[in-house]
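Student: I have a model open and would like a close look at a single part of it. Could you walk me through that part in one connected answer?

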Amino acid sequence: MFVNISPCDEAGKCMGEEYFVEDSTELLGKPYHYKVTIKSSEIRDSRFNVGSFIKYKIEGDEEYTVTPTVTKSLAPEFNHSRVVKIDKVTQETLDFFENSCITFLLYGCQEDRESD
């Protein structure tokens, strides 16, 4: 699975290394944006080429974000992106960045077939 998470501006344009900070507390009280990009995946079992999709949830989300289902492919191209906007970075935000994760779940729609 090819996934990228990068700091960005409000419009989703990725920022260069000059915007990185050494001390994360410099972000406290400021707005922050980052972009989640899911480009593609690779599926190794042809039973699952009926369709596949990815879903994930970021802290604070009530519902999962779900990519469109890609059908008839063992190398689905999702080309999904989402800009996450944080109005004001708090200590809880920093704790999430430093101690938590985003889990990406890949689902494959299976085609039933006779066992060998």
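Which residue in strand 2 does I5 stand opposite?

Tutor: I5 stands opposite V36 in strand 2. Before we go on, please keep in mind that this is a predicted model, where local features need pLDDT of at least 70, side-chain atom pairs count only at pLDDT 80 or more, and totals for chains, interfaces and linings use all residues. Residues are numbered from 1 along each chain as its sequence is written, and side-chain values use heavy atoms, with hydrogens and water left out.

Let us start with the strands around that residue pair. Helices (H or I, at least four residues) and strands (E, at least two) are DSSP runs, numbered from the N terminus. Two strands pair if DSSP finds at least two bridges between them. Strand 1 and strand 2 (residues 32–40) run antiparallel and are joined by six bridges. They belong to an open sheet of three strands in the order 1-2-5, with antiparallel pairing. Strand 1 (2–7) and strand 5 (77–86) each have a single partner strand, so these edge strands are left without a neighbour on one side. On average, neighbouring strands of this sheet are turned by 15° against each other, direction ignored; the axes behind such angles are lines fitted to C-alpha atoms, for helices over the stretch in contact, and angles run from 0 to 180 degrees between N-to-C directions.

Rings of Phe, Tyr and Trp (its six-membered ring) pair if their centres lie within 6.5 Å; planes under 30 degrees apart count as stacked, over 60 as edge-to-face and the rest as tilted. The whole structure holds six aromatic pairs. One of them is the edge-to-face pair of Y34 and F97, with 5.9 Å centre to centre and 80° between the planes. Y34 lies in strand 2 and F97 in helix 1 (residues 91–99), so this pair ties together parts that are 63 residues apart in sequence. For accessibility, buried means under 20% relative accessible area, exposed over 50%, and partly exposed in between (1.4 Å probe, protein chains only). Y34 is buried at 6%, whereas F97 is partly exposed at 33%. Through ring pairs, Y32, Y34, F96 and F97 are linked into a cluster.

On a 1 Å grid over the protein atoms alone, a pocket is an open set of points where a 1.4 Å probe fits, with protein on both sides within 12 Å along at least five of seven lines; lining residues have an atom within 4 Å of a point. Grid points are joined across faces, edges and corners, and a volume is the space filled by probe spheres set on the points. The largest pocket has a volume of about 370 Å³. It is lined by 15 residues, and the closest to its centre are P7, Y19, V21, L27 and Y32. Strand 2 and helix 1 are the elements that give two or more residues to this lining. The largest share, three residues, comes from helix 1.

So, if you keep strand 2 in view, you can follow its bridges to strand 1, the pairing of Y34 with F97, and its contribution to the lining of the largest pocket.
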